[in-house]
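Me: I'd like to go through the pockets in this one. Can you take my questions as they come?

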Amino acid sequence: MLYAGFWKRTLAYIIDSLILGFVFMIIGLVWIIIQAIGDWVPSPAETSMLTDGPTAIFTMQLLGQTLMNLGASWLYFAIMESSKCRATVGKLALGIVVVDEFNQKLSFGRASARYWSKIVSSIILWIGFIMAGFTARKQALHDLIARTYVVDNRELNYILREQAGRGAGM
């Protein structure tokens with residue numbers, strides 16, 4: 001099996017980040033326009049020690065935007081990697097896909113576990129991602145946790161056709 005290496009995976013992630021960054025920019029602009037048009041001013045009943053003042057309001061808005069972006073990122077990666085495509089747009093552009101240990105598409109749950117495991121890969125100084133350059137099957141830490149593999153799509157299709165041909169000939 002031809003496993004996707006560190007640099008190919010990194011380039012795919014950069015492509016996906018550019019796509020998500022553009023989407024987040026649009027969402028942010030829409031959010032700003034809605035607030036500007038909506039004449040949003042909290043009433044005295046809505047204010048408290050936690051939400052008084054522009055700094056607290058800005059912090060709450062920033063937290064909301066961050067949580068919305070995190071949720072959108074999770075859904076993008078989990079839905080795309082558990083779909084029939086088996087890959088995000090960046091991975092598709094480079095001809096790589098994510099599969100389970102049986103070379104099958106991921107379930108939404110496994111794709112979600114893979115996404116959230118990336119937090120572990122990143123909080124240890126990105127070493128979890130760098131591992132993909134040194135493990136035998138080019139797995140990052142989040143791949144090891146979720147039991148997934150990133151492989152060349154052409155090679156996978158060839159193997160699956162061969163397996164189907166052997167099964168049909170019996």
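Me: Which helix gives the most to the lining of the largest pocket?
Reply: Helix 1, with seven residues. This is a predicted model, where local features need pLDDT of at least 70 and side-chain atom pairs count only at pLDDT 80 or more, while totals for chains, interfaces and linings use all residues. Residues are numbered from 1 along each chain as its sequence is written, and side-chain values use heavy atoms, with hydrogens and water left out.

Me: What counts as a pocket?
Reply: On a 1 Å grid over the protein atoms alone, an open set of points where a 1.4 Å probe fits, with protein on both sides within 12 Å along at least five of seven lines; lining residues have an atom within 4 Å of a point.

Me: Which residues lie nearest the centre of the largest pocket?
Reply: Arg 9, Thr 10, Tyr 13, Phe 129 and His 142, out of 17 lining residues. Helix 1 (6–37) and helix 4 (108–123) each supply at least two residues of that lining; helices here are DSSP runs of H or I, at least four residues, numbered from the N terminus.

Me: Switching to the second largest pocket, which residues lie nearest its centre?
Reply: Tyr 13, Tyr 115, Lys 118, Ile 119 and Phe 129, with 13 residues in the lining. Two or more residues each come from helix 1, helix 2 (53–81) and helix 4.

Me: Which of them gives the most to that lining?
Reply: Helix 4, with five residues.
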